[in-house]
Amino acid sequence: MEALQTDIRAEFEPAFAGGKQRSRRSPVSLDAKLGRGGLDRTLCRVTDLSRQGARISSYSAMKKDASIWLTLPGIGQIAATVRWADDFCAGCQFDEPLPDYQFDMLVAVGRA
């Protein structure tokens, strides 16, 4: 029996132009808060940071596509959207990217 030879070709196109991550990411350890003022705030930890978003760990479950307020040290409240969530860890995208000087300051504090 003769083996059938198949020529399979496909073109590769990334899902996002320029790659999924548009800026450098930095591992950090920053204490932060979720929620907007008052008693509805909960502590969380930022473990990864970019100008566009962050990975956060919290004791509160988060849901994909939820709008959140994240209070970062030395920056204040930032509006963000949860892009993925897995138990008590989530990745969020900031509504507005962090300016370079704020990103650099948070990375320096988070690595200290």
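Predicted model: local features only at pLDDT ≥ 70, side-chain atom pairs only at ≥ 80, totals over all residues.

Biologist: Where does A112 lie, then?

Modeller: A112 is in the segment after α1, the helix that spans 100-111.

Biologist: Is A112 buried or exposed, and why?

Modeller: A112 counts as exposed because its relative accessible area is 90%, and exposed means over 50%.

Biologist: How far apart are the C-alpha atoms of A112 and V28?

Modeller: They are separated by 8.9 Å, although A112 and V28 are 84 residues apart along the chain.

Biologist: Turning to the whole protein, how many helices and strands are there?

Modeller: The protein has 1 helix and 6 strands, and along the sequence they follow the pattern β-β-β-β-β-β-α.

Biologist: What share of the residues is buried?

Modeller: Of the 112 residues, 32% count as buried. The accessible surface comes to about 8000 Å², and carbon and sulfur atoms account for 52% of that surface.

Biologist: Which strand holds C92?

Modeller: C92 is found in β6, which covers residues 89-94. C92 counts as buried because its relative accessibility is 6%, and the cut-off for buried is under 20%.

Biologist: Which residues does C92 contact, leaving aside its neighbours within four places in sequence?

Modeller: C92 is then in contact with Q52, G53, A54, I68, L70, A80, T81, V82 and R83.

Conventions. Residues numbered from 1 in each chain as written. Heavy atoms only, no water. Helix = DSSP H or I, 4+ residues; strand = E, 2+ residues; numbered from the N terminus. Buried < 20%, exposed > 50% of the residue type's maximum accessible area, 1.4 Å probe, protein only. Contact = heavy atoms within 4.5 Å. Areas by Shrake-Rupley, 256 points an atom, 1.4 Å probe, with all protein chains shown as cover.
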